[in-house]
Amino acid sequence: MTDQPNNWTYGIDTSPEVADDVRYTTCYMCACRCGIKVHLKDGKVRYIQGNPNHPVNRGVLCAKGSAGIMTQYAPARLRKPLKRVGPRGSGEFEEIEWEEALETVSGWLGSIRSSDPRKLALFTGRDQSQALTGWWASQFGTPNYAAHGGFCSVNMAAGGLYSIGGAFWEFGEPDWDRTRYFLMFGIAEDHDSNPIKIGIGKLKNRGVKFVSVNPIRTGYSSVADEWIGIRPGTDGLFVMSLIRELLLSDQVDLEYLARYTNAPWLVIQAPGAADDGMFARDADGNPLCWDGEQGAIVNALSADAKPVMVGERTLADRRTAVPAFHLMVERYTNERYAPENVSETTGVEPDTIRRVAAELAHAAFKEEIRIDTPWVDWAGREHDCMIGRPVAMHAMRGISAHANGFHTCRAIHLLQMLLGSIDCPGGFRYKPPFPKPVPPGIRPTGKPDQVKPNAPMPGPPLGFPVGPQDLLVDDDGNPTRIDKAFSWEHPVAAHGMMQSVITNAWRGDPYPIDTLMMFMANMSWNSTMNTGGVMDMLSDRDETTGEYRIPRIIYADAYFSEMVAYADIVLPDTTYLERHDCISLLDRPISEADAAQDAIRYPVVAPDRDVRAFQTVLLDLGARLGLPGMVNEDGSARYPGGYADYMVNHERAPGIGPLAGWRGENGDLHGRGSPNPDQLERYIENQSFWSYPIPENQRFYKMANKAYLEWAVEMGFLGSSDPIIMQIYSEPLQSFRNAARGHGEIQPPQQHRARIDAYFDPLPMWYPPLEETAINTAEYPLHALTQRPMHMYHSWGTMNAWLRQITNRNRLYIGRNLAEQHGLDEGDWVWVTSHHGRIRVQVGVMDGVNANTVWTWNAIGKRSGAWNLKPDGPEAKKGFLLNHLISELLPTRDNGFRYANADPVTGQAAWYDLRVQIEKSEPGEDDATYPQFGGLKAPLPEGPGILRFGDVFRRLRGGR
Amino acid sequence: MTALPQNTPKKLGLVIDLDTCVGCHACAVNCKEWNAGGHMAPLTDLDPYGKEPDGVWFNRIHSYEVTDSEGRSQTVNFPRSCLHCEDAACVTVCPTGASYKREEDGIVLVNEDKCIGCKLCSWACPYGAREFDTDQGVMKKCTLCVDRIYNENLPEQERLPACVMTCPTSARHFGDLGDPESDVSKLVAERGGVNLMEELNYKPTNKYLPPRPRRRDMKSSPAEGFLEPVVSTSENPVLYWIDRVLSR
Amino acid sequence: MHPAFSVILFTTASGAGYGLMALLGALLWRGDLAAETTLQLSTLLIGLVLVTTGLLSSTFHLGHPERAWRAFSQWRSSWLSREGVLAVATYIPAGLLGLTLLFPEMVPLNVKWLGLALAALSLCTVFATAMIYRSLAPVRAWSNQWTVPCYLVLAVMTGAILLNAIVVSAGLIIEDIHLVTWILCLVGYSLKKCYWRFVDLDSNPSTPATATGLNHMGEVRVFEAPHSSDNYLLKEMGFSVGRKHADKLRKIALICGFLLPFGASLLSPVLLSFGVVLALAGVLSATIGILAERWLFFAEARHVVTLYYGR
Ligand SMILES: Nc1nc2c(c(=O)[nH]1)N[C@H]1C(S)=C(S)[C@@H](COP(=O)(O)OP(=O)(O)OC[C@H]3O[C@@H](n4cnc5c(=O)[nH]c(N)nc54)[C@H](O)[C@@H]3O)O[C@H]1N2
Ligand SMILES: Nc1nc2c(c(=O)[nH]1)N[C@H]1C(S)=C(S)[C@@H](COP(=O)(O)OP(=O)(O)OC[C@H]3O[C@@H](n4cnc5c(=O)[nH]c(N)nc54)[C@H](O)[C@@H]3O)O[C@H]1N2
Ligand code: SF4
Ligand code: SF4
Ligand code: SF4
Ligand code: SF4
Ligand code: SF4
Ligand SMILES: [Mo]
């Protein structure tokens, strides 16, 4: 109690020592993967800041990343492997040793592999090591592998990869520094959390017009110059109307279309024929186009073709064909897409549609920019500058989480192609290793003859089908995968369908499995639809045998999540500050348009618990099971050093490994090169990332830029340096449609034909979200959505002492008029009912929301006791999930068959197709949200009642 | 002593751009993170894993909806922290001298060793910038990161308030608002920065840049009348391009 | 504002105590009841007990009571500090007076002047207390011209009601005292009514729009608060009391705090033995009434910080 060290104004310590050690690694408070600078004092984490040198976040750090300390020290961290002792879902466990855990698991998996490998379903959720886990699954021999893409945003990935060879989802980015007009669809936060915020900051700074199309006006939309509060699920119509306006005023970049897209390619017009709607090709399989100078049909790929974009032509075989552009014009100039005619459905004023179209055209063509960097195109022709159409777009789950999301995503890419704004200055830019061929060359593996006991599969479980021949179905057309991905129900399910696994496994449809092994996905809670139902399925027993319907569940989590309670064996993972990880170009890259990039995590603090990194555990299991590639000839483990060992020494193809930087014996090679024993040291010296700038002349038109294409081949990004031609018209879709129309050996079972025929349109189409076509919309008039809170990552934010102070309960936000209609006030309780279920929640009233829409923050509601919170935590009592209202299956059709509640093309979970009604709840009902579930008791010590974090650092400084 | 310095040579403070702030809470959490172990450590959290978690924060992010006379509304995100007022009653009301404004740079601080925890300063602050640490029995508040901005142990370019350094949209700016030539002063002049609750005459140092007018109608659009329909829909529209020969 | 019991007890008890001592001092200055040493002593004692209880209770709401002494240091700028200094200073004349009355031979001091000092310091202390609230601009219900008079008059009034009871219990009748009590009850009554009329009609120039600097843009409504659970600000300053509830309490305050004591002090002198009972009843009633009044003084006061939360 003296005046020292502080006295009045002077003498306060303005230069305290912050840390005795600073380490650079990669954040994993979300999937954005920013670089972080971790300050350690006395072995404790004192402060985590953004790494100023890191290309992803340039020194900034979001709310989640800034709360990393509270995740690192959360009482919810698992401490030791657990064996279930109580019934599933009770959360009663006993701690066991790792050896026991691993022996048990490898015992189970060994017998599966030697009998029927399909009986292991490995689904890895929010996985940043899919290059490893996917490889592990095919070495094990099961097709039943996927990560979270199916319930996340496969529509964006597939929509992009089947159109432009890149995607909004992480494979490309707006040219923030040059664009003059930014159109954003359906984004609350995105994976690129920090880059988007940095970008929006730049736009604001440059006074660029920013338009946000979103039923809800929060976050990014709140700073947009213009907010278009569209009706959910109708963006496709809006975009097609924009396309119509641009076409009718000839504000499209024909040269661009002719050079870089398949717009001029001739499409066979022979209704009823097996190849109707396919591209006309020459003997060598080259697509054809009409050459206006020669007045003849020529190879559309030849550099000196002079294509005409419209007009009926007669093919050698006397059949007629028209260019893809021709078909596109005929479709979108149709009255049906006139602003007046889409305005009622979309809720967007015709004038607004016209104005946005005008502004897009103006920015693209009147505000054209030139970069005077000479470049050489694929055909060796030199260009003295790079022309920019400075219109940038970005879209995410507002588009993808609808059953019409794949086509809507394609429609947006089509709009970009028409404006010539893909990979040009000021437009949307590819991040290496993208662009890839459209679609990428990988095909899914898992056909009946590709799955054999004690044998690896000949290829990866996931890929990009281009026709019926690539489907994973048996001779009767039934799915061979447990999630029914790549079946006639969802042929282009490029990321699998994790959301269907539990339901299908429980129903034994298409077949029962033995073991469900999951990693990093809270599948009994926020990442599942029909949450209550799924919880029952996980703990449901077969009446006759008394066995669980899903016999064994193995789960790897780092924290006491809701899912942990349903596992028979729990494999406790490390935290992101305690382990090695690699953010690989072979997985979800963190490149930027101007540089190829990858990164690592390495342990910056030592675990204080008996936990192991899941990737290391997986390699250990692989070795115990003797999986090819994971053991040496003598049967010893191939990667005794665990994941770090694998990161350095694994080669997917000669010279190509998980990390592209500092390869070769002496670390002087990049991209391709033999393993370098010191690779990790080099990464750590370089602050845990590798950034390899692309030369100026390769930075744009990557799809047709000779120097870039050749460099990409060197780096192993591409197999050949042929130009990548974007597909306004998608032939793969037509080939599925033709099968549905009765052509080819492999045809869909009768019951699926109509659906395939309807939705496999080679040109982007719009149809109403599927759920609303199967229910009475008068009964369920409202759309119900969720949004990501910027400061919470799904379910994990809640265990974080700081983040949960910001949000620990959620409300259902409704528009002011709707509130008046129902006589509702802020904080009143309502019943929300869908065709599938009912919940009781509190409402919040706001202005900035589409009149037919209600919404809430995602994943705030928690099960009582989960995450090692006190049972009466507000997350459990006042928080809620919308998931209880969302069915994983569409309402029953006449024939009793139920499709997944997903996009018919890609199997993307249709979270945002949900329709509901609301009614005021009776007074007295309003104690807590409904439903409530039996509380969990964490097998962990309770958290502190008072948290004085930071006190210790002050004492170390000699303060009180 | 708690009399306020007549005129501080520097007026260090923040400028917050409400036109750019997306309300992400990064600044609030990063502030909490830095300061939890910083000059006023700890920033105690009560019941952190229980029913009503409540901790000490120096920066809080509100979100509002503003409706103009024509009934058009917009969302505005609003970070709130100490404004380091020139006429800081939070200082003059303090009976112990624990609450003070630095003569050299105008930063308003609390000397915890002197603080008796009477809370009067928090009553005197219109802006809710002071939060009482019940567990420690003393008043706490934004220090303008006084232990960062002069910190010789930090690299030059990182000698910034944590909230400013971390803001992903660069909506926060730090500098000397006493110097009309400083970047922040110019920014305030150019964007018409405002004081909060002017009517109370606390003379805040921090300034807020109001949202720019929205550009949501034709009047404000450069593209006015730009889109002229040229393709007729009476016959097949494709004919319009029939004679266009392109090259690859 | 959160009506903390310690602060309510402090302001009411010490108010009454200082009021009582102020009156005692005045009487001594005028040379009244020169003979009544016991009366003087007991009055002084009661006054000191009240004041001391108040001061002690005020330290209970401190985070660091053991540092309370530091509060004397800022008398140059802080009314709270001045209050502390004055409160302590008042003990000097009070103490000396006590000694003089007890041991006139040993401590032969001039009671007249001590009385004056006692009265002056007591009133100054109450004034300082009032100024603490008067000078808090963020609380409109406090930072107005009615706060100081209310505090002063209510202090002396409660003091008078007590003194009246003391005198009556002593079987005496001192017109001036009874008269002063009647008057103070009426003045206090009207002052409090004026205060309430003022705060009810007063419109706060600060609004959510000025608080956020968005005045030029239109009406500002809260969409989301920065935190889900109440924090210190809301617990300390977010307190609000329902209109109905407040009106009821206002009636209680007026009737018990002013009217009944007025009646009691009016009749007690004439009703002899029953008068004692009545006078004490008056004291009891005043206590209830003034506690209610003081509770409302805090509970009804809105702090501008609540504007940020739309409360
Ligand atoms: N209603 C509604 N539901 C949705 C969505 C929506 O928008 N609305 N979004 C959907 C989407 S896009 C997604 S991606 C899913 C996300 O949902 P999930 O995939 O369930 O993702 P999280 O809840 O973030 O975390 C999953 C698990 O990862 C664990 N975990 C965290 N860190 C680690 C670690 O380091 N190691 C290990 N082993 N485990 C860790 C957490 O404890 C948690 O149990 O939710 C989906 N669900
Ligand atoms: N802070 C934080 N960041 C995250 C996550 C997180 O949990 N927290 N999750 C990560 C994950 S897994 C994912 S998949 C990404 C998702 O990132 P986002 O795509 O931003 O995900 P959502 O929050 O679902 O945002 C969907 C937005 O689309 C809007 N929307 C809904 N339906 C429609 C529609 O029909 N049309 C239009 N135009 N808009 C619509 C919603 O209002 C919402 O604003 O975020 C990632 N980043
Ligand atoms: S966005 Fe935030 S949470 Fe995600 S990686 Fe970057 S800093 Fe970490
Ligand atoms: S960090 Fe920046 S954008 Fe985010 S809330 Fe703070 S000021 Fe706003
Ligand atoms: S904002 Fe409040 S605490 Fe900060 S200086 Fe002004 S009055 Fe004092
Ligand atoms: S709480 Fe501390 S700083 Fe605030 S007025 Fe009281 S003594 Fe001064
Ligand atoms: S200046 Fe420092 S203490 Fe103040 S709000 Fe910003 S980060 Fe927090
Ligand atoms: Mo996702």
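The shell around ligand 2 comprises 15 nonpolar, nine polar and seven charged residues, where Ala, Val, Leu, Ile, Met, Phe, Trp, Tyr, Cys and Pro count as nonpolar, Asp, Glu, Lys and Arg as charged, and the others, Gly among them, as polar. The model is predicted, with local features needing pLDDT of at least 70 and side-chain atom pairs pLDDT 80 or more, while totals for chains, interfaces and linings use all residues. Side-chain values rest on heavy atoms without hydrogens and water, residues are numbered from 1 along each chain as its sequence is written, and chains are lettered from A and ligands numbered from 1 in the order in which they are written.

Gly233(A), Gln787(A), Arg788(A), Met792(A) and Tyr912(A) come nearest among the 31 residues around ligand 2 (a heavy atom within 4 Å). An oxygen atom of ligand 2 lies 2.7 Å from a backbone N or O atom of Arg788(A). On the nitrogen side, a nitrogen atom of the ligand is 2.7 Å from a side-chain N or O atom of Asp235(A), and a backbone N or O atom of Asp190(A) lies 2.9 Å from a nitrogen atom of ligand 2. Taken alone, ligand 2 exposes 910 Å², and the protein buries 100% of that (Shrake-Rupley method, 1.4 Å probe).

Conventions: Polar contact = N/O pair within 3.5 Å; in protein donor to acceptor, adjacent residues only side chain to side chain.
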